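Let us walk through this structure step by step.

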Amino acid sequence: MKTICFRRHNCFLNSVKMEDSESQLLADEEQTPEPLLSSLDIFLFSLIVGLLIYWFFFRKKTEPVPEIKPFTPVTPQIRETSFIEKMKKTNRNIVVFYGSQTGTAEEFANRLAKDAQRYGMKGMAADPEEYDLSELSRLKEIPNSMTVFCMATYGEGDPTDNAQEFYDWMQGTDDDLEGVNFAVFGLGNKTYEHFNATGKYTDKRLAELGGKRVFDLGLGDDDINLEEDFISWKEQFWPAVCEFFGVEATGEDSSIRQFELVVHNDINMNQVYNSQLREKTRNSEIKPFDSKNPFLATVTGNRKLNKGGNRHLMHIEFDITDSKISFILYCINNTYTILLFYYRNIILYFYIKYNFFFFALYQSWVLDSERNILAILEDLPSLNPPIDHLCELLPRLQARYYSIASSSKVYPTSIHICAVVIEYTTKTERVFKGVATNWLKNKEVTDNGHKLTIPMYVRRSQFRLPFKPSNPIIMIGPGTGIAPFMGFIRERAWQKKQGKEAGETILYFGCRHKNEDFLYQQELEEFERAGVLTQLNVAFSRDQEHKIYVQHLLKKNKEQLWKLIHSNNAHIYVCGDARNMARDVHTAFYEIAEEVGSLTHTQAVDYFKKLMTKGRYSQDVWS
Ligand SMILES: Cc1cc2nc3c(=O)[nH]c(=O)nc-3n(C[C@H](O)[C@H](O)[C@H](O)COP(=O)(O)O)c2cc1C
């Protein structure tokens, strides 16, 4: 509506101006012939055309008055752990399980489950953590049934937290899955060594156990376009399912809504959930802590690390006394932030659903221009989707993970993190703000005398110091990739204090300028002076004409590094950007092995692969 009103308004102003100047002209030049149409005619004509266009194309259809239903408080239900019983009770024949950490696989599973009704089937999406997957062989009790797995891969090719139990079960079971129909879509990223390892394993293992593969394994690559991979797979998957079960598409669209817009005027606001934490979270009694049951940690420190530049790099400390949390990796669960946030996958769906624009424009207009759902609604006001449908398309806000920048040996009751606040201007001149980092930035130690808390839990990780303190370590962590190494170095200092023989501790750090973003400079230099950090190498990328990065410094010290790796059992750790830094560091190590160790390129690749398998080349990287 906004655009149309604006145009009409402009049109009117132009006409008025024209009239003014025209009357002036007529007064000055009497002989000017009278125009065929007077400006009033033109104005009236434009007005009528404008009104007709508005009436036929842009008029807001009168919204039906929402039905006002009495409010019934939700009564807690006993959780059903048997997905078979649930499917039988609710008449469903397709169950889509998801192994998901940040919500993408969960969203794909929901979409697949919903699609099922177009093919005369009934689907449900399910979290494998909430059901007993050892019942899988019973799926054949349900006629024309099948299961689909949307499985993301993490870390060193590991399953997600919620799929770990199912993964362990697959590894250990010898159940006979004959008669169980399945398909798998894997979510991964080609920049990682173990591309889609979990999806591949699930597909292979279910077949080994006797399951019937209804459609080929799909391998989505988040480095290119995961959404497109999923859609292409789905387009072939459903026809294969129809053929397998001998059914035809009903053409029935997914019109069953999960949400319903009901307006309540007489509600007791005390009964309304308003983003406050659940009672059980507030009491912090129930363990173990996880994403559904986080621990409330008190913020005990929050400071800016960089001295200059327009970014905000922060160090935050949390108190975890009484939680009995032992930690390697840390996450926050941000339950407070707004519902509408950037989520590119649903935008595509949104487009197709409302038939707006052409598919080809998706890449440039949405992805490249980083338009989030709010930006799309702002820029295309005629879309005007019903709010219940919008709510249905928006996934839940997910937990965010950060590497821990402290050591439990040194600070057993405290967890530190180091993160950069995400804020930048998109091509459409909108300021994009990272949800979690901006929320964290404002978490001061006290707010009007109140201690502030954040809901959090800790994930296990393989990114840890070598078992033997005497093993040398080579740490490569530019930018906020320094985080876990602050913990490592502190732990090495602690080991030294305990009289243990600490091996060489070498750090490669990188930042833009020495006087701007040399994170933890003071602490690092003190550790170097104390002999804990045996070598501190810093690449200031923009302090000289030619850019210098950590990989350049690695190459400079190639003899020393090769000796440490090849002869002294050194462990290598890389933390930070996966797409460029981790890959370039990898290449630098290949070159070192070729130049100093005289290996061929293939031998060098094999050499570092073996180091990875042995746990001597570990990565904590993201893209
Ligand atoms: C920290 C991190 C580690 C990852 N490790 C891998 C990996 O080892 N192999 C892989 O194929 N993809 C890896 N990925 C990519 C994810 O599997 C992919 O982004 C997926 O879409 C995430 O799905 P989710 O949102 O459902 O958790 C990793 C992503 C992150 C952020």
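Around the ligand sit 22 residues, and Ser100, Thr104, Ala152, Gly188 and Tyr192 come nearest. A residue counts as near a molecule or strand if its C-beta atom, placed from the backbone, lies within 6 Å of it. Two elements give two or more residues to this shell: helix H4 (104-115) and strand S4 (181-188). Helices (H or I, at least four residues) and strands (E, at least two) are DSSP runs, numbered from the N terminus. By class, the shell has 13 polar, 8 nonpolar and 1 charged residues. Here Ala, Val, Leu, Ile, Met, Phe, Trp, Tyr, Cys and Pro count as nonpolar, Asp, Glu, Lys and Arg as charged, and the others, Gly among them, as polar.

A word on the model itself. It is predicted: local features need pLDDT of at least 70, side-chain atom pairs count only at pLDDT 80 or more, and totals for chains, interfaces and linings use all residues. Residues are numbered from 1 along each chain as its sequence is written.

Now step back to the whole chain. Its secondary structure comes to 20 helices and 21 strands. Of its 623 residues, 31% are buried. Buried means that 20 or more other C-beta atoms lie within 10 Å of the residue's own; exposed means 12 or fewer, and partly exposed is in between, with C-beta atoms placed from the backbone. Among contacts between residues at least 6 apart in sequence, 76% join residues at least 24 apart. A contact needs two C-beta atoms, placed from the backbone, within 7 Å.

An unreviewed UniProt entry carries the annotation "domain: Flavodoxin-like" for residues 94-238. UniProt positions are given in the numbering used here, feature names are shortened, and annotations may be inferred rather than shown by experiment. Over residues 94-238 the chain is 32% helix and 21% strand. The end C-alpha atoms of this stretch are 12 Å apart.

Next, the interior. In soluble globular proteins, nonpolar side chains tend to be buried together. The largest nonpolar core here has 66 residues, and Ile417, Ile474, Met475 and Val585 have the most contacts inside it. Helix H19 (residues 578-595) supplies the largest share of this core, 7 residues. Domain 3 (283-334 + 398-459) and domain 5 (473-622) each give at least three residues to this core. The domain bounds come from an automatic or database domain assignment. A nonpolar core is a set of buried Ala, Val, Leu, Ile, Met, Phe, Trp, Tyr and Cys residues joined through C-beta atoms within 7 Å. Methionine 475 touches Phe485, Phe488, Ile506, Leu507, Tyr508 and Tyr573, not counting residues up to four places away in sequence. A second, separate core of 46 residues includes Ala105, Met121, Tyr167 and Trp233.

Two loops deserve a look. Most residues other than glycine have a negative phi. Asparagine 91 has a positive phi, near 65°. Asparagine 91 lies in the loop between helix H3 (83-89) and strand S1 (94-99). Asparagine 91 counts as exposed because it has 8 C-beta neighbours inside 10 Å. Tyrosine 520 also has a positive phi, about 55°. Its loop runs between helix H15 (514-517) and helix H16 (521-529). With 19 other C-beta atoms within 10 Å, tyrosine 520 is partly exposed.

Finally, a pair of residues. Serine 232 is found in helix H7 (residues 226-245). Serine 232 and glutamate 423 are 191 residues apart in sequence and 33 Å apart in space, C-alpha to C-alpha.
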